[in-house]
Amino acid sequence: MLKRIPVDQLTLGMHLQAFCGAWLEHPFWRTKFVLSDPNDLTLIRESTISEVWIDISKGLDSEVSGSEQIVAVEEIPEPPPVVQEKTSFNDEVKRAAKICAKGKEAVVSMFQEARMGKAIEAEAAAPLVEEISNSVLRNPGALISLARLKIADDYTYMHSVAVCALMIALSRKLGLDEQQTRDAGMAGLLHDLGKAMIPLEILNKPGKLTEEEFALVKTHPQEGHKLLADGKGISDITKDVCLHHHEKIDGSGYPKGLSGETMSLFAKMGAVCDVYDAITSNRPYKAGWDPAESIKRMAEWKGHFDPTVFQAFVKSLGIYPVGSLVRLESGKLGVVVEQGEQSLLKPKVRVFFSIKSQAYIKPELIDIARSPEKIAGREDAAKWGIKDVDRYWAGDKT
């Protein structure tokens, strides 16, 4: 039996079922536990949450009765759907930063629970997937680009958040329905769960892995599949992507050596999203590639990705994804800050460097779709001695 009560009535010994309010306002990433720590109680009371749901069959009841008490229910009513309005990149990137931070916290916790042998519950992670999905709806470039800016030690956890967002954006571009899109997002979030079983000193090793170490890392799809098989409410799609995201359509992938004919659509999607985030991210042993350069190189890898899925992926990100360094025909260098509405070749670019004068210039935002300027091609920041490209699109979020 569930009851909705004000937070000032919450006491130790109550079973916290759910918070009322937006997930980002919650002090914890998950609920459904008996309150036993006074610090948790303080965190809830100091948050902006004013009401919570408690389960009186699993913990203490509220002592307040009468008109102040809201009638008990068997199930928490579904909140009315909120239409996600399109937002600007600058507006969404602030919210995306909060989602990334809380998302990392959730993934770290899930990995720790997996290491301790606790069963994974899809239901607990569902609100995070929903938040990421809504952010991608409002502005797909913001969270996807921000999640790429992970520091090396955070890679394993933030990679899960990034692949979740990439899978959702790709699902929508492929025209999948909302349930499939949510399942794809959950698959992205949990695809690397098996790395919880790999020693951290190997995952974060700054140098090249030995053959033995690499062989151990390659067991993570099977290890993850075992963890998900023992979990609760885990979809077949999530388990499939976890096991097969390192397969290739030419049959040279692992662990099963599947081909384009035997891989599922979702495994093909997972393969693309996993590789893109991996090669664009800073790792313990190498710096990430420029996003546009990564798209170009991935297109050249024959037999790796399904062509239809890869084409949809490029359309979901743009030929010049956010964060790409480009050269304009006028001789200015700039970073892509947002995709154009009409053409993949005409994004919005913030120029900040002149090739002619070999000097930084006052940053200026140019919408290529509404300007005589044209992109001449992608550029390598190292060639021009530029080390701070990301701050021109992400600002203080980097």
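**Ser62 and the chain around it**

1. Ser62 lies in the loop that connects strand E4 (51-55) with helix H2 (89-115), where helices (H or I, at least four residues) and strands (E, at least two) are DSSP runs numbered from the N terminus. The model is a predicted one, in which local features need pLDDT of at least 70 and side-chain atom pairs count only at pLDDT 80 or more, while totals for chains, interfaces and linings use all residues. Residues are numbered from 1 along each chain as its sequence is written, and side-chain values use heavy atoms, with hydrogens and water left out.

2. Is Ser62 buried or exposed? Ser62 counts as buried because its relative accessibility is 9%, the class being set at under 20% relative accessible area, with exposed over 50% and partly exposed in between (1.4 Å probe, protein chains only).

3. The chain as a whole holds 14 helices and nine strands. Its radius of gyration is 23 Å, close to the 21 Å that the globule rule gives for 398 residues, so the chain is as compact as a globular protein of that length; the radius is taken over C-alpha atoms, and the rule is 2.2 Å times the number of residues to the power 0.38. The C-alpha trace spans about 75 × 50 × 40 Å along its principal axes.

4. Of the 398 residues, 51% count as buried. Among contacts (heavy atoms within 4.5 Å) with a separation of 6 or more, 67% are between residues 24 or more positions apart.
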